[in-house]
Amino acid sequence: MKKLSLIALFLLISCHIKAQTVIPLPYQSIPDVDYTQAEKKYFSNAWQTEVITNVSKPELLVYAPKAENRNGTAAIIAPGGGLYAHSINSEGIDAAKWLAEKGVTAFVLKYRLVPTREDGPAEFGKEFNEAREETLHKVAKVLPYSVADGLSALSYVRKQAAHYKIDPHKIGFMGFSAGGAVTMGVAYAAETSNNPDFLVPVYAWTTAQPVQEAPKNAPPMLVICATDDGLGLAEGSVALYQSWYNAHKPVAMHLFAKGGHGFGMKKQGIPADHWIERFYEWAVDQKLILKK
């Protein structure tokens, strides 16, 4: 009986793994950037969450809703992590699963990261505090290629819209912190074929990706942040809102009083816990999501 239970558990885990589709994306190598360490997933004591480091090849993790719940909307999700890691659960998979429950086809983007050694989050904290300019230089070298991964993801999802049974005109991009920098980089660089249909920068790292004028093809945008963001990103989030507002583009913002930086899908017992519900309400109101 015990042996049968173990076999059943193994089959259950195997089915779960196969249920999540992994899509490799095309990419160009980054000049003068060498990945000597293999990609690694582990629990970071520095950040107290699961992370992935040393991503050298971009991929999409697909989280599809049940057929009866599917509403035709898709969202590409870029996790944060200072471009030294992906906070893969709280700012990636957990958000994707929540959206899939609401009928949205979600794609978690593993965009390329700065190469690190044994512990990317610990290295980021130490380097950012002791050698900030050098850290930002490393980020600046890789970020354009991370943005290219985002554009590649949009192109893929739009081309495969029929396969995933989604509306090619309802494909959005959501990103947290460094993923927010990727989100805005995508918005500024997009062309017709890979332009997102909505944007959700969540405490976007506007130091890495400075705020620019809203592009002519700017889609609707919802800005999310907390006033007490520990990295001071509330000011940049306000500037993002203002840039869309000045260009007369559809824009909204939720600037929570508390939440700090990196709240993602974590539960702290405060209003910021429900930011993703506010996103859903906004998207329904904008007719970006058809509520079933």
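The structure is a predicted model, in which local features need pLDDT of at least 70 and side-chain atom pairs count only at pLDDT 80 or more, whereas totals for chains, interfaces and linings use all residues. Residues are numbered from 1 along each chain as its sequence is written, and side-chain values use heavy atoms, with hydrogens and water left out.

Helices (H or I, at least four residues) and strands (E, at least two) are DSSP runs, numbered from the N terminus. Eight strands form an open sheet with mixed pairing, in the order β1-β4-β6-β5-β7-β8-β9-β10; two strands pair if DSSP finds at least two bridges between them. The edges are formed by β1 (21–24) and β10 (251–256), each of which pairs on one side only. On average, neighbouring strands of this sheet are turned by 20 degrees against each other, direction ignored. Axes are lines fitted to C-alpha atoms, for helices over the stretch in contact, and angles run from 0 to 180 degrees between N-to-C directions.

Parallel pairing over five bridges joins strand β7 (residues 171–176) to strand β8 (residues 198–202). Within this pair, glycine 172 has phenylalanine 198 of β8 as its bridge partner. Helix α2 (residues 89–101) packs on the sheet and touches β4 (59–63), β5 (74–78), β6 (105–110) and β7, where contact means heavy atoms within 4.5 Å. The direction of α2 makes about 165 degrees with that of β5. Helix α4 also packs on the sheet, touching β1, β4, β5, β6 and β7, and its direction makes about 150 degrees with that of β7.

Strand β6 is largely enclosed by the rest of the structure, because six of its six residues are buried; buried means under 20% relative accessible area, exposed over 50%, and partly exposed in between (1.4 Å probe, protein chains only). Both faces of β6 are covered, with Thr105, Phe107 and Leu109 buried on one side and Ala106, Val108 and Lys110 buried on the other. Strands β4 and β6 pair in the antiparallel sense over five bridges, and leucine 60 has leucine 109 of β6 as its bridge partner. The pairing of β5 with β6 is parallel, over four bridges, and here isoleucine 76 is partnered by phenylalanine 107 of β6.

Leaving aside neighbours within four places in sequence, tryptophan 275 is in contact with Met174, Phe176, Val202, Ile224, Phe256, Phe263, Gly264 and Met265.

Helix α7 (residues 234–246) has 13 residues, which at 1.5 Å a residue should span 18 Å; its end C-alpha atoms are 18 Å apart, in agreement. The expected span is 1.5 Å times one less than the number of residues. In α7, Ala234, Gly236, Ser237, Leu240, Ser243 and Trp244 are buried, and their cover includes α6 (178–189), β8, β9 (221–226) and β10.

Aspartate 197, in the loop between α6 and β8, counts as buried at 18% relative accessibility. A polar atom of the side chain of aspartate 197 lies 3.1 Å from the backbone nitrogen of lysine 170. Not counting residues up to four places away in sequence, aspartate 197 touches residues including Arg158, Pro168, His169, Pro220 and Leu288.

Leucine 83 lies in the loop between β5 and α2 and has a positive phi of about 65 degrees although it is not a glycine. Leucine 83 is buried, with a relative accessible area of 1%. Valine 114, in the loop between β6 and α3 (120–130), counts as buried at 3% relative accessibility. Beyond four places in sequence, valine 114 touches Leu83, Tyr84, Lys138, Val139 and Val142. Valine 114 and valine 55 are 59 residues apart in sequence and 8.0 Å apart in space, C-alpha to C-alpha. Glutamine 48, found in the loop between β2 (40–44) and β3 (49–53), has a positive phi near 55 degrees and is exposed, with a relative accessible area of 52%.

Notes
Polar contact = N/O pair within 3.5 Å; in protein donor to acceptor, adjacent residues only side chain to side chain.
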